[in-house]
Every structure is written in structure tokens, then in C-alpha cells.
Number of protein chains: 2
Amino acid sequence: MSPQETVEAFIAAWNRMDMTAAFAMMADDIVWHNVPMEPAKGLAAVQAMMANFPPVEGCNWETHSIAANGNTVLTERTDNFTLVGGKVASLPVMGTFEVNSDGKIAQWRDYFDMGQFAREFGLGG
Amino acid sequence: MSPQETVEAFIAAWNRMDMTAAFAMMADDIVWHNVPMEPAKGLAAVQAMMANFPPVEGCNWETHSIAANGNTVLTERTDNFTLVGGKVASLPVMGTFEVNSDGKIAQWRDYFDMGQFAREFGLGG
């Protein structure tokens, strides 16, 4: 798989809520940085961070644009999440993925507005 | 110029503070959307929006990653702005540019955290 195909398969795994597949595509030393938050370093930290996210029943991440330059893949997306109870949270986001020589995702940085995240997920005041 | 070269030249114009060159590279019907804010539609609206931004004495936008897919160019950047008085505001951002058949920038969407923007520019409470 090309780096772009790897990222497309990774997003498809999220959209199936197949976290076994998604975790298998992450490098053990992955750094996942939701840029307005602290980065999670390593697969165990990623899983711990996810355990603190609001629970979701489904993902429908729409990829508007995707482009690769070497092992780096840039995406523009709307990440839709079906929350418990059926409301959909929609977050406009851009993300950079770096794929290592084993074909695993080693870096993932998502850029979005934290206020919009909080409003969509019904968090905070 | 390829779409990627157009975007690189556009960023270089900002970094020289050569707004005459930057405006000349925008389509008349450009839509510039700083995603946490309202979009500016058309060159006149872009110029009006810019007039309401905090004044800056210099730009040093660092492009970490850039990749093109057809006429769409995706970037990951740190946009550094030298404010009046010398403080530097640094904003992590990703942006998508769409270049039209005239080689002008027709769409520009930047994704960043509004809270970080406000803190870096010393705005708000």
C-alpha cells in the first residue's frame, strides 16, 4: 500500500469502528497530537487518551481532500461522530499523517478548533 | 507554475509582506475561510477582513509539509507573526488552497484553534 492508501485504509477502519484494525495500523511509538490538546506518545497512551473521549456509537469521517508527498499524507476532512442517543457531532479538521517504513502510522496531527469540538460534543459551559 | 509552486510563491509573498503580490495571486472571487471564523467571499471582503486583524510588522510562515493533488494543495505550517512591539505570535495551522485554471488562488481554508489564536495575539479575556 502507498502511504495515501494506508491513510485511506486507516480512516476506513475508524468508519467501521474496527479499532482492532485501526490500532494494528499504528506504530508502537505513534505520536497522535490533537493539536489543541497534549500529544499522546505511544500506543498505550493513545488508548488511554481515547478512553477519556466522549463515547461514540459511530464514525463517518468524510475526506474532502487528500494528498501525499513522500511518506507524509495530508487530509482535509469533516469528522462526523454519532453520539450516544443519536446526535451527530461534526468537526471540520485537517490532519497530517506520517507513515513509517513498516507501513504503520507513526505521526498523526489533527488541527481543529477546540471551541467547536466542545460545542459539537456538548462539553463544557 | 504548478499549483504547489503557486502556493509556495503566495506564502513567500506574505513572508516579504508584499501584499500587492499576494492580492495579485488571489482570484477576484476568492473565498478565504479561517474555519473558526466566517468566510470572506471575494477580494474586497478579504481586504476588509484583513483590515480588522491585529496589526503585524512581519510574517514568517514556516511550511512543514506541502502536498498537491490536482489543483488542490494542502499545507501544514507554523504561521509566525511579529506584532507591533516585537512579540512573536505563533499559530500552528493547516491550510487547503485550490488554484483555478488562471493560476489564481480561488479557495483558501485554514484550520487552527481559535483559543490559541486569541492567546498568541493577546486578544480577549
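In chain B, Val31(B) has Lys41(B) opposite, the latter residue lying in strand S2(B). The model that shows this pair is a predicted one. The two strands concerned are S1(B) and S2(B), which pair in the antiparallel sense over 2 bridges. S1(B) and S2(B) also form a hairpin, with 5 residues between them. Strands of a sheet pair through backbone hydrogen bonds, and the pairing is either parallel or antiparallel.

One position to look at is Met26(B), whose bridge partner in S6(B) is Ile105(B). Elsewhere in chain B, S3(B) and strand S4 (residues 72-83) run antiparallel and are joined by 12 bridges. Within this pairing, Asn60(B) stands opposite Asn80(B), a residue of S4(B).

What is the order of the strands in the open sheet of chain B? The sheet has 6 strands in the order S2-S1-S6-S5-S4-S3, and its pairing is mixed. Strand S2 (40-41) and strand S3 (56-69) of chain B each have a single partner strand, so at these edges one side of each strand has no neighbour in the sheet. Two helices pack on the sheet of chain B. Helix H1 (residues 3-15) of chain B touches strand S1 (26-34), S3, S4, strand S5 (88-99) and strand S6 (105-111), and its direction makes about 170° with that of S3(B). Helix H4 (residues 114-121) of chain B touches S3, S4 and S5, and its direction makes about 135° with that of S5(B).

S5(A) and S6(A) are paired in the antiparallel sense over 6 bridges. Here Phe97(A) has Trp108(A), in S6(A), as its bridge partner.

S3(A) and S4(A) run antiparallel, with 12 bridges joining them. Asn60(A) stands opposite Asn80(A) of S4(A). The two strands form a hairpin with 2 residues between them, and Gly70(A) in the turn has a positive phi of about 65°.

Side chains make links of another kind. Over all chains, a search of the whole structure finds 12 salt bridges. One of them joins Glu98(A) to Arg109(A), with the closest N and O atoms 2.9 Å apart. Glu98(A) belongs to strand S5 and Arg109(A) to strand S6 of chain A, so this pair ties together parts that are 11 residues apart in sequence.

The last step is the interface between the chains. How many residues of chain A are in contact with chain B? There are 22 in chain A, and they are in contact with 22 residues of chain B. The size of an interface is often given as the accessible area lost when the parts come together. For chain A and chain B, about 1,600 Å² is buried between them, 59% of it on carbon and sulfur atoms. Leu74(A), Met94(A) and Tyr111(A) supply 35% of the area that chain A buries against chain B, more than any other three residues.

Across this interface there are 2 salt bridges. Glu76(A) forms a salt bridge with Arg109(B), and the closest N and O atoms of this pair are 2.6 Å apart. The interface also has 10 residue pairs in polar contact. On the side of chain A that touches chain B, the elements that give two or more residues are strands S3 (56-69), S4 (72-83), S5 (88-99) and S6 (105-111), together with helix H4 (114-121). The residues of that side divide into 12 nonpolar, 7 polar and 3 charged.

How values were computed:
Residues numbered from 1 in each chain as written. Chains lettered and ligands numbered in written order. Predicted model: local features only at pLDDT ≥ 70, side-chain atom pairs only at ≥ 80, totals over all residues. Heavy atoms only, no water. Contact = heavy atoms within 4.5 Å. Buried area = accessible area lost by both parts, 1.4 Å probe. Salt bridge = Lys/Arg side-chain N within 4 Å of Asp/Glu carboxyl O. Polar contact = N/O pair within 3.5 Å; in protein donor to acceptor, adjacent residues only side chain to side chain. Helix = DSSP H or I, 4+ residues; strand = E, 2+ residues; numbered from the N terminus. Nonpolar A, V, L, I, M, F, W, Y, C, P; charged D, E, K, R; others polar. Pairing = 2+ DSSP bridges. Axes fitted to C-alpha atoms, helices over the stretch in contact; angles between N-to-C directions.
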